[in-house]
Amino acid sequence: MAPIFNHYKARFLNHLANVQNVELTVFSGSGRQGTGDQELQGDWQFKTIRVEVPKSKFGLSREVRQSLKSNFNNFDWVLIPAEKKNLLLFVYAMYLRRRFKGTKLFSYNHQFTKPKKGKVKTFDLMITKFIFNNLDRVIFYTEDICQKAIQNKLVKPNKAFWANNTIDSLEVDKYYNFELPPKDPVTIVFIGRLIAPKRIGDLIEFFENLNSKYKGKFALEIIGDGPQSDIVKKAQATHSNIIWHGTLVDEEKIAPIMTRASLVFIPGLAGLSINHAFAYGRPYATLSAERHGPEISYLKDGENGFVIEENLKILEEFLNNKEKIDDFCKSAYETSKSLSVNRWLEQILSALHE
């Protein structure tokens, strides 16, 4: 079940559907409106069930529950996203599991359910334990958070597995062979939705400061769209070396941009864009925050990227050191090898066949 069915999910799930003896159905909602998400249309190997229910209402929707009931006993495994907003749906799935004994429940998730704002509270941990205790399998996004969940007694060890979250690295490989970035211009790439948590304004400010110091040396290329696109349009009006591509979901179009990149920089919350950067052998930088996605554990500060408190001087120095850029690119590409979609398939199938 996928309240948001974006292009990342479509591609790597298609590889799962191509595995022998796997029949996959994706039950999706209508996602998030007006936030820069884009679904990818394709000739997929999986079946689809779609309900026109946005993510914010997916877990409470009667239409979703009715559709789940109609199809539940067709499956050996049903994935329910482990989020508080899906708690009613999860309880209903537990009820259906009692009725249809051949179907099991699993999730692919964070270490615990999180509040919208602030730190994780006792209530969040109680909900987490309830969900994890009533799942047949709990697959975590990283080995690190899997081990922490076990240590904190949020999940029983025999239920806990992990599969590194991924993008379709095989799709990248169709259009790209690793190479070091060109010396001139030094290009920074942003890839992601143009929303407040990504801090696009901070990226523009950093680039403008670079531009004022080093005329013509740097370029900024932005991939993505969303409600804060006006910030990009305004910056473009006064800077010819800012290129905005809008939303791109085809690696054939993304590959030439990443080839030019010396650094992928998302000042705000980081997620699968880390994997995307590493797949191209490009270092990744972000600012320190409490609510980064689990993929932040793949980033080794000072080796394949940076997690910076607030002082961006370190990035300025990095971008003026071609030898260091090349070393970080090699390290990022090496990291990507353990995050491939084939490795993800092995981990997922192992968890569900235990």
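**Exercise 1.** In which sense do β7 and strand β8 (residues 218-223) pair, and over how many bridges?

*Solution.* Start with the ground rules. This is a predicted model, where local features need pLDDT of at least 70, side-chain atom pairs count only at pLDDT 80 or more, and totals for chains, interfaces and linings use all residues. Residues are numbered from 1 along each chain as its sequence is written, and side-chain values use heavy atoms, without hydrogens and water.

Next, the terms. Strands (E, at least two residues) and helices (H or I, at least four) are DSSP runs, numbered from the N terminus. Two strands pair if DSSP finds at least two bridges between them.

Now the answer. β7 and β8 pair in the parallel sense, over six bridges. Phe218 of β8 is the bridge partner of Val186. Between the two strands the chain passes through helix α8 (residues 200-213), and this β-α-β crossover is right-handed. Right-handed means that, with the strands pointing away from the viewer, the path from the first strand over the helix to the second runs clockwise.

**Exercise 2.** Find another partner of β7, then sort the side chains of β7 by direction.

*Solution.* Strand β10 (residues 261-265) runs parallel to β7 and is joined to β7 by three bridges. There, Leu263 stands opposite Ile188.

Side chains in a regular strand alternate between the two faces of the sheet. In β7, Val186, Ile188 and Phe190 point one way. Thr187, Val189 and Ile191 point the other way. Six of the six residues in β7 (186-191) are buried, meaning under 20% relative accessible area (1.4 Å probe, protein chains only).

**Exercise 3.** Check the length of helix α4 (residues 87-99), then list what its buried residues pack against.

*Solution.* The expected span is 1.5 Å times one less than the number of residues.

The buried residues include Leu89, Phe90 and Tyr92. The buried set packs against α2 (55-58), α3 (62-71), β4 (104-109) and α5 (122-133). Contact here means heavy atoms within 4.5 Å.

Key
Buried means under 20% relative accessible area, exposed over 50%, partly exposed in between (1.4 Å probe, protein chains only).
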